[in-house]
Amino acid sequence: MGGAAVILPGTLKGQTTSFSKPLAIPTVLTPTAVDATTDYYNISMEAATKEIVPGLNTTIWGYNGSFPGPTIRAKHNRRVVVRQTNNLSVNTSVHLHGGHTPATSDGHPTDLISPGSFKEYTYPNNQLPTTLWYHDHAMDFTGRNVYNGLAGLYIITDDFEDALPLPKGRYEIPLVIQDRTFNADGSLFYSNTGMTRINGFQGGQVLTNGVIQPYLYVERRKYRFRILNGSNARKYELALSNNQQIIQIGSDGGLLSAPVSLSSIQLSPAERVDVVIDFAETGRGTNIVLRNLLGTGSTSEVIEFRVMPWRYGKDNSKIPSILRQVDRIPPTSASVTRDFTLNVTGGMGGPVFSFNNLPFDPARIDANPQINATEIWVFRNLTQMDHPIHIHDIFWQILDINGNPPSASDMGWKDTFLVPPLATVRVIGKFTDNTGDYVFHCHILEHEDFAIMGQFRVS
């Protein structure tokens, strides 16, 4: 979006102080109608004005004018229908990231909603409970549209998970981490040309739930945080400033088999992580910062937790030693192995990334999996940079990275996984229920917009 001179990373410090505003919690959307099988929602994509930089107005594009969009909470095996109305001046397409959805509701990049039109998306929710997110997926403009604000959380639960003694209610908090750069007048600055096409666009300020480096008062007890890396290209390594361990209980596709204690957690674009942080042993009045170890200056701090000297009632929450059993898929069950290289080639407009040296063509099908087939997909990164790969339709398990098994935190179900520079990653998954055309792509959104995307047809 437009504006005057660009504020470079870090220079907003003169206008705002870190941890000067409280964390905002995205609104949980109420259905407009319900019946025996389905919850119905209406969402409008529209421009709105928000005060993100103190004293300045920022125009965003938001679902219902919110930044981030409102959260939808769904139940396992209970259908959700969302009517998305495009009240913007540009084409849009809505993808439920991680959703096991019919192809007609997947948000294919060419399945566009024109200005003034609407589309109804049907989500069966016949998948493991987890933290998903919905975001724009319009052909060639995903990076711009998501950066301007078109993203929101979609959380699926079930009776089994609800019965676990994990933190609940106000002690279960979503954290959508994004980065943005602002012009001097408060408007968003975004570029998808030049070096941005190579590295992806990274903003100069970290926002959590739409607030620049907020604070959150916490009681001396356990909290559950559902964390999404909603940035276009930035990777984070999250750690607590007091060196306390973070307990990971879930990843993209839901709960892990068992909790994992970590000193830091890396999160590539579009990845989610479900964690518990215990503030019970923290000194009263202590401030703990969730840091980004990969950032500098204003991108090195995410949120400050301010530990109150009391708590309301007894903390009865616990972290079970067994969460939800994740049965590993044996490689011998795969009937097909497919190979994809991540390439970079020179062109008139500069370097171009692609799969198998084939820029995305919506008329070409790159793979033809069959219903109920188990397949291994191999991604060989021949470039010098990270590529977080997202595959639509189903969840996968990482078999190995350069021949080594994944870490305990990556042993669950994944829809997005990092392929490091010059590395080879093998994943395995089973195609069930849905037929039709889906895509897979790098989730550095500027890479997705500039050719590093493929298409597969389940039949």
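Q: Buried means under 20% relative accessible area, exposed over 50%, and partly exposed in between, with a 1.4 Å probe and protein chains only. Why is Arg 73 called partly exposed?
A: This is a predicted model, in which local features need pLDDT of at least 70, side-chain atom pairs count only at pLDDT 80 or more, and totals for chains, interfaces and linings use all residues. Residues are numbered from 1 along each chain as its sequence is written, and side-chain values use heavy atoms, with hydrogens and water left out. The relative accessible area of Arg 73 is 35%, which falls between the two cut-offs, so Arg 73 is partly exposed.

Q: What makes Arg 73 and Glu 172 a salt bridge?
A: The term asks for a side-chain nitrogen of Lys or Arg within 4 Å of a carboxyl oxygen of Asp or Glu. Here the N to O distance is 3.6 Å, so the pair passes. Arg 73 sits in strand E4 (residues 69-75) and Glu 172 in strand E10 (residues 172-182), so the bridge ties together parts that are 99 residues apart in sequence. Strands (E, at least two residues) and helices (H or I, at least four) are DSSP runs, numbered from the N terminus. Glu 172 itself is buried, with a relative accessible area of 16%.

Q: How do you know that Asp 159 is exposed, and what does its side chain meet?
A: Asp 159 has 62% relative accessibility, so it counts as exposed. Its side chain meets that of Lys 75 in a salt bridge at 3.4 Å, N to O. Asp 159 is in helix H2 (residues 159-163) and Lys 75 in strand E4, so parts 84 residues apart in sequence are tied together. Lys 75 comes out as partly exposed, at 31%.

Q: What makes Asp 274 and Arg 224 a salt bridge, too?
A: Their N to O distance is 2.7 Å, so this pair also meets the cut-off. Both residues are buried. Salt bridges that share partners join Arg 73, Glu 161, Glu 172, Arg 224, Arg 226 and Asp 274 into one network.

Q: How do you know that Thr 58 is buried, and which backbone oxygen lies 2.5 Å from its side chain?
A: Thr 58, in strand E3 (residues 58-63), has a relative accessible area of 0%, so it is buried. The oxygen belongs to Gly 186, and it lies 2.5 Å from a polar atom of the Thr 58 side chain. Thr 58 also touches residues including Phe 182 and Leu 188, not counting those up to four places away in sequence; contact means heavy atoms within 4.5 Å.

Q: Why is Val 275 called buried?
A: Val 275 has 1% relative accessibility, so it counts as buried. It lies in strand E20, and leaving aside neighbours within four places in sequence, its contacts include Tyr 223, Phe 225, Ile 247 and Ile 265.

Q: What makes a space a cavity, and how many of 30 Å³ or more are there?
A: On a 1 Å grid over the protein atoms alone, a cavity is a set of points where a 1.4 Å probe fits but cannot get out, and lining residues have an atom within 4 Å of a point. Points are joined across faces, edges and corners, and volume is the space filled by probe spheres set on them. The structure holds four such cavities of 30 Å³ or more.

Technical notes. On a 1 Å grid over the protein atoms alone, a cavity is a set of points where a 1.4 Å probe fits but cannot get out, and a pocket is an open set with protein on both sides within 12 Å along at least five of seven lines; lining residues have an atom within 4 Å of a point. A polar contact is a pair of N or O atoms within 3.5 Å; within protein, one must be able to donate a hydrogen and the other to accept it, and residues adjacent in sequence count only if both atoms are side-chain atoms.
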